[in-house]
Amino acid sequence: MVRGWCFIFLLSLISSFARSQSLDINITRGTDLNFTFNTIRQYNNGIILAGATEITVESSAQWDLYVGAQTNVAGRWDLLDSYSSAGTSNVPVSILELRASSPGGTSQQTAFFQLQDNSSPIFLIGSAADDPLTASGIGANAPGDPSSNAFTHRFRIDYKLTPTMGYSAGVYSMTVVFTLAEDL
């Protein structure tokens, strides 16, 4: 018997403003994504949504870009509807993996990585520290916009969700938050 699962997540963007600098982040594609698992193979091997989201960054200052999960219980998917009492409904956000790529190869995370709670996010560009200005290459965080800097200010996000069979069938959700902040 195949149990039905549906994972839904929303993407959210946060820009922080400091001094008189401007920072802008936009999702140009892929804001509400759904994963529906109908076969044992999908549960065990996962489903990949390649290039499902595109993000653009416009900034007049050095910047950092990071991602994390936002849920009602930190680190756990939110259960919206349960179809079974078998298994556990405590599903960690880490079963969702992300991969970020840009035309110029600037993302610091080019392989799939497990999502973490927003309290300990994963940096796609920069770090929690004051980073040196990087105009090109990995970690590029120079001021610019996606029109004139398409290789460094445009990102495609791939998602891979692998729930396996140990979790309760149902509908789960979470919000994935991409945050753009001035590199201070």
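User: In the protein chain, where is confidence lowest and where is it highest?

Analyst: The model is predicted, and pLDDT is the predictor's confidence in each residue, from 0 to 100. Where pLDDT is low, the predicted coordinates should not be read in detail. In the protein chain, confidence is lowest in strand 1 (residues 5-15), with a mean of 55, and highest in strand 8, at 97. The chain averages a pLDDT of 87, and 89% of the residues score at least 70. Strands (E, at least two residues) and helices (H or I, at least four) are DSSP runs, numbered from the N terminus.

User: What conventions apply to the numbering and the values?

Analyst: Residues are numbered from 1 along each chain as its sequence is written, and side-chain values use heavy atoms, with hydrogens and water left out. As this is a predicted model, local features need pLDDT of at least 70 and side-chain atom pairs count only at pLDDT 80 or more, whereas totals for chains, interfaces and linings use all residues.

User: What is the order of the strands in the open sheet?

Analyst: Strands of a sheet pair through backbone hydrogen bonds, either parallel or antiparallel. Two strands count as paired if DSSP finds at least two bridges between them. Here an open sheet of 5 strands has the order 2-4-10-7-8, with antiparallel pairing. Strand 2 and strand 8 (113-114) are the edge strands, each pairing on one side only.

User: How many bridges join strand 2 to strand 4, and how many pair strand 4 with strand 10?

Analyst: Strand 2 (residues 23-29) and strand 4 (residues 47-59) run antiparallel and are joined by 6 bridges.

User: Which aromatic pairs does the search of the whole structure find?

Analyst: A pair of aromatic rings is described by the distance of the centres and the angle of the planes. Rings of Phe, Tyr and Trp (its six-membered ring) pair if their centres lie within 6.5 Å; planes under 30 degrees apart count as stacked, over 60 as edge-to-face and the rest as tilted. The search finds 3 aromatic pairs. One of them is Phe-37 with Tyr-43, stacked at 5.7 Å centre to centre with 25 degrees between the planes. Trp-63 and Phe-155 form an edge-to-face pair, at 6.4 Å centre to centre and 80 degrees between the planes. This pair links distant parts of the chain, with Trp-63 in strand 5 and Phe-155 in strand 10, 92 residues apart.

User: Is Trp-63 buried or exposed?

Analyst: Buried means under 20% relative accessible area, exposed over 50%, and partly exposed in between (1.4 Å probe, protein chains only). Trp-63 is buried because its relative accessibility is 0%. Phe-37 and Tyr-43 are both buried as well.

User: What does Ser-107 touch?

Analyst: Contact means heavy atoms within 4.5 Å. Leaving aside residues up to four places away in sequence, Ser-107 touches Ala-100, Ser-102, Leu-124, Ile-125, Ile-138 and Phe-155. Ser-107 lies in the loop between strand 7 (96-101) and strand 8, and counts as buried because its relative accessibility is 2%.
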